[in-house]
Every structure is written in structure tokens, then in C-alpha cells.
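Subject: Structure handover

Hi,

Here is the structure I promised to pass on. Please open it and keep it beside you while you read.

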Amino acid sequence: MIPPLARRFVAGETAAEALEHTRQRNEEGIGVILNRLGEHYETRGPADAAATTYEGLVEEIAAADLRACVSVKPSQLGLSVSEDLFEQNLERVVAHAAPRDVFVWIDMEDHTTTDATLDAFERFARESDGGVGVCLQANLKRTPDDLERLAALPGTVRLVKGAYDPPPSIAHREKEAVNAAYREQLRYMFREFDDGVAVGSHDPEMIELAARLHEEYGTGYEVQMLMGVRDEAQRALTDDCPVWQYAPYGGEWLAYFYRRVAERKENALFALRALLS
Ligand code: FAD
């Protein structure tokens, strides 16, 4: 069982719990991006099993008519084994999701996976006619070129600051440099992307900038935040734009929970308070 402490960030161990969480967020006007936890699978078995799990999940989302989609990690679908396996498993998920109108996001992992992830996105964005989205990391120096490549494709891009730690030769490392890159790339997306922009950030400054760029260019946008982070703001923002919450679930919750606690002092204090009370 997931302790209450971790339950703030994780929607449960089972798909049933995650779908119940989705129902509750939908009642608040928030869409849910479901991710079955698990990554870096080094053999075919768990990668194939993850694809099967997502096939079942998109069926349940469609049957329950929930405002939900899925987000997969390339190394969860087999990229650490081979690019072929990743594409085969992604093909299974997309082939199941597209006819049911369930959108499929592809998370972006560390910089060694960017090319393979974008190649797969390009293929499936075309084949599903825009039923797939991909995440790009503003801290990578290559991202402006990647945005140019993706601007002409169907599908949606989620812009995040970047959760990994790439070497300085290929990435902005200072917080202010990452923020500047994010602002610049967001403006480019509002100017050049027809299918809308997904703002994957909790940063009030970036969310306000997106609202101003929407006024300026008329491009549609949505805000995406993680479950358990600025929950109040997520509810309040539904008055301004579509809001989607990224909600992970599954048995492999411990590492994800540690990441959330480690990344921010407030989260660590929350964990400490909960432990003491
Ligand atoms: P930060 O620079 O961390 O913080 C800026 C400001 O936001 C803070 O000053 C504060 O005002 C507010 N804020 C941030 N966190 C909190 C908090 N816990 N509580 C209260 N206020 C807070 N990264 C990847 O590399 N690949 C992915 O596929 C990926 N997918 C993501 C999907 C979603 C939906 C989201 C939201 C993030 C994703 N990330 C991904 C993580 C991302 O790269 C960042 O590491 C993470 O979002 C932190 O950056 P930030 O933009 O939220 O702002």
C-alpha cells in the first residue's frame, strides 16, 4: 500500500485507483495525463508488458468516457533494449489509442534518447494524424532546432525546463539561462505551432507569459502540472485555460516519490511534517 505521504504525488498502485483519481479531477475541470510508473527496462518482457498495460488503460479511459490521456516513457517501452522494440511497443499503444480518441504523450528522458524519441514521435504523429505529443526540454541547446523540425508536423509539443542533468557542452545549466531559453522557445511555439502549445511548468511567470502570448498570437494552449504540485493553482487556472494534471500510478512509486521530495525544499518539509504528525 502507498503511504499517505506518497499518495499526494501518486494516484495509486492500480489502474482502478488511478481512474478514480481521474474521475475526481475531471469533476474539478482538470484533465488527467496517466503514466504507469516504470522506466529503464533492460529486457523485452517488462517493456512488452508495459505496452499491454497501456492498451488496457486506454480501453478503460474510453469506456468510462474520462477526460484523460496517457504519457509513456521511451525506456519503459523498450528503448534501452533497442529502438525497434520501442517503436513496436509505441505502435501498439498508438494503434489502440487513436481509434478510441485517447491522446498519447511521449515523455522525454535524458539527452542520449532525444533523437530516437523525436524520430518515433515524427512517425506516429504523422500516422495518427496528430494523436501523439512529445515533450521537449528547454535546457537543451538543441531544442530551438528541434522545435523548427516539429513545427510543421501534426501533434502537440509539451515544453518543460528539463528534469535531467545534461553536460554543460549541450545544455544551459544556470537557472536564469534555462528560464530565458524557456521564454524564447515558448514565444516561438505560440508563433509557429498550429496545433496549440502545452506549457509543462509550475512556474507562475511562465504561465502568465503563456496567457500573454495567447492574446498576442491567438494560438491555443493548455497548462500541465504534476499531481501534488500547486494543486490549488491547478483548480484556479481552469477559469483561464485547459489544465491537465500528470498523474503517475503503479507499484514502482518509491523512486518517483523520492524524486519529488528531493527536488524541492517545500516537498521535503511536507514529507517531514507528515512523518512527525
Ligand atoms: P521550477 O523552475 O522548478 O520552479 C519555478 C517556480 O514554479 C517556483 O519558483 C515556484 O514558484 C513554482 N513551483 C515549482 N515547483 C513547485 C512546488 N513543488 N510547489 C510550489 N511551487 C512550485 N521533464 C523532463 O525532462 N521530461 C519530461 O517528459 C517531463 N514531463 C513533465 C510533465 C509535466 C506535466 C510537468 C509539469 C513537468 C515535466 N517535467 C519533465 C519536469 C520539468 O522538466 C521540470 O523539472 C519541472 O517541471 C520543474 O520545473 P518548473 O517549470 O515547474 O519550475
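Below is what was found in it, from the overall fold down to single residues.

**Ground rules**

This is a predicted model: local features need pLDDT of at least 70, side-chain atom pairs count only at pLDDT 80 or more, and totals for chains, interfaces and linings use all residues. Residues are numbered from 1 along each chain as its sequence is written, and side-chain values use heavy atoms, with hydrogens and water left out.

**The whole chain**

The chain holds 11 helices and 8 strands. Helices (H or I, at least four residues) and strands (E, at least two) are DSSP runs, numbered from the N terminus. The C-alpha trace spans about 45 × 45 × 40 Å along its principal axes.

Buried residues make up 52% of the 277 residues. Buried means under 20% relative accessible area, exposed means over 50%, and partly exposed lies in between (1.4 Å probe, protein chains only).

Now take the contacts with a separation of 6 or more: residues 24 or more positions apart account for 70% of them. Contact means heavy atoms within 4.5 Å.

**The barrel**

What do the strands build? They form a closed barrel of 8 strands, in the order S1-S2-S3-S4-S5-S6-S7-S8, with parallel pairing. The twist averages 30° from one strand to the next. Axes are lines fitted to C-alpha atoms, for helices over the stretch in contact, and angles run from 0 to 180 degrees between N-to-C directions. Two strands pair if DSSP finds at least two bridges between them. In general, strands of a sheet pair through backbone hydrogen bonds, either parallel or antiparallel.

Start with strand S2, residues 68-72. It is mostly covered: 5 of its 5 residues are buried. Ala68, Val70 and Val72 point one way, while Cys69 and Ser71 point the other way.

- Strand S1 (residues 30-36) pairs with S2 in the parallel sense over 3 bridges. Ile33 has Cys69 in S2 as its bridge partner.
- From S1, the chain crosses through helix H3 (residues 44-63) to S2, and this β-α-β crossover is right-handed. Right-handed means that, with the strands pointing away from the viewer, the path from the first strand over the helix to the second runs clockwise.
- S2 and S3 also pair in the parallel sense over 3 bridges. Here Val70 stands opposite Val104 in S3.
- S2, helix H4 (residues 83-97) and S3 make a right-handed β-α-β unit.

Gly200 has Gln224 in S7 as its bridge partner.

Helix H5 (residues 114-127) touches strands S3 (104-106), S4 (132-137) and S5 (156-160), and its direction makes about 155° with that of S4. Helix H6 (residues 143-151) touches S4 and S5, and its direction makes about 160° with that of S4.

Thr143 lies in H6. Is it buried or exposed? Thr143 is buried, with a relative accessible area of 1%. Leaving aside neighbours within four places in sequence, Thr143 is in contact with Leu136, Gln137 and Gln185.

**Salt bridges**

How many salt bridges does a search of the whole structure find? It finds 24. A salt bridge is a side-chain nitrogen of Lys or Arg within 4 Å of a carboxyl oxygen of Asp or Glu.

- Asp107 and Lys73 meet at 3.0 Å, N to O. Asp107 sits in the loop between S3 and H5, and Lys73 in the loop between S2 and H4, 34 residues apart. Asp107 is buried at 4%. Lys73 also counts as buried, at 11%.
- Arg126 bridges to Glu122, with the closest N and O atoms 2.9 Å apart. Both lie in H5, 4 residues apart, about one turn of the helix.
- Glu28 bridges to Arg25, with the closest N and O atoms 2.8 Å apart. Glu28 is partly exposed at 28%, whereas Arg25 is buried at 14%.

Salt bridges that share partners join Arg25, Glu28, Glu232 and Arg235 into one network.

Best wishes
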